[in-house]
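Here is a colleague's note to read alongside the model. Please keep the viewer open while going through the points.

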Amino acid sequence: MAVLKQSFVTADGIVDLSDIKAFLTYNGFTNTRNNDYYSKELGLILEDLHDENVIYRSNKLFFIDTVIYIDL
């Protein structure tokens, strides 16, 4: 079943891909390709971080419906 409206996840600002990249770079992630990031220190791979899966709310980024892998 498709979800067409989600009233619990709301945004009050528009996210630019450069905002996501700056935030993740500051926190030690490297942009590996397109909208995917990797942290060697944390052993985390974050994928699908495009502007529809990351929202602004109260001047904070919220990551919604992203793909997270643990790199063991």
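The numbered points below go from the whole chain to single residues.

1. **Ground rules.** This is a predicted model: local features need pLDDT of at least 70, side-chain atom pairs count only at pLDDT 80 or more, and totals for chains, interfaces and linings use all residues. Residues are numbered from 1 along each chain as its sequence is written, and side-chain values use heavy atoms, with hydrogens and water left out.

2. **Layout.** The protein chain has one helix and six strands. Their order from the N terminus is α-β-β-β-β-β-β. Helices (H or I, at least four residues) and strands (E, at least two) are DSSP runs, numbered from the N terminus. Along the principal axes, the C-alpha atoms fill a box of roughly 35 × 30 × 20 Å.

3. **Surface and contacts overall.** The accessible surface of the protein chain is about 5,700 Å². Carbon and sulfur atoms hold 54% of that surface. Areas come from the Shrake-Rupley method with a 1.4 Å probe; for residues, only the protein chains shown count as cover. Of the 72 residues, 21% are buried. Buried means under 20% relative accessible area, exposed over 50%, and partly exposed in between (1.4 Å probe, protein chains only). Contact means heavy atoms within 4.5 Å. Among contacts with a separation of 6 or more, 42% link residues 24 or more positions apart.

4. **The core.** Which residues make up the largest nonpolar core? There are nine: Val 15, Ile 20, Leu 24, Phe 29, Tyr 37, Leu 46, Leu 49, Val 54 and Leu 61. A nonpolar core is a set of buried Ala, Val, Leu, Ile, Met, Phe, Trp, Tyr and Cys residues joined through side-chain atoms within 4.5 Å.

5. Ile 20 lies in helix 1. Its relative accessibility is 0%, so Ile 20 counts as buried. Leaving aside residues up to four places away in sequence, Ile 20 touches Val 15, Tyr 37, Leu 49, His 50, Val 54, Leu 61 and Phe 63. From Ile 20 to Asn 35 is 15 residues in sequence and 9.0 Å in space, C-alpha to C-alpha.

6. Is Asn 53 buried or exposed? Asn 53 is buried, because its relative accessible area is 6%. Asn 53 sits in the loop between strand 3 (44-47) and strand 4 (54-57). Its side chain makes a polar contact with the side chain of Asp 48 at 3.0 Å. A polar side-chain atom of Asn 53 also lies 3.0 Å from the backbone oxygen of Asp 65. A polar contact is a pair of N or O atoms within 3.5 Å; within protein, one must be able to donate a hydrogen and the other to accept it, and residues adjacent in sequence count only if both atoms are side-chain atoms. Beyond four places in sequence, Asn 53 is in contact with Asp 48, Phe 62, Phe 63, Ile 64, Asp 65 and Thr 66.

7. **The salt bridge.** A search of the whole structure finds one. Arg 33 and Asp 36 form it through their side chains (3.5 Å, N to O). The cut-off is a side-chain nitrogen of Lys or Arg within 4 Å of a carboxyl oxygen of Asp or Glu. Asp 36 has 8% relative accessibility, so it counts as buried.

8. **A nonpolar patch.** Phe 8, Val 9, Phe 62 and Ile 64 make a nonpolar surface patch of about 380 Å². Patches are made of residues with over 30% relative accessible area and no salt bridge: like charges are joined within 9 Å, nonpolar side chains (Val, Leu, Ile, Met, Phe, Trp, Tyr) within 5 Å. Phe 8 lies in the segment before helix 1 (17-26). Phe 8 counts as exposed because its relative accessibility is 71%.

9. **Positive phi.** Asn 34 is not a glycine, yet its phi is positive, about 40°. Asn 34 is in the loop between strand 1 (30-33) and strand 2 (36-39). At 65% relative accessibility, Asn 34 is exposed. Ser 58 also has a positive phi, near 55°. Ser 58 is in the loop between strand 4 and strand 5 (60-63).

10. Asn 27 is in the loop between helix 1 and strand 1. Its side chain reaches the backbone oxygen of Phe 23 at 2.8 Å. Asn 27 is partly exposed, at 38% relative accessibility.
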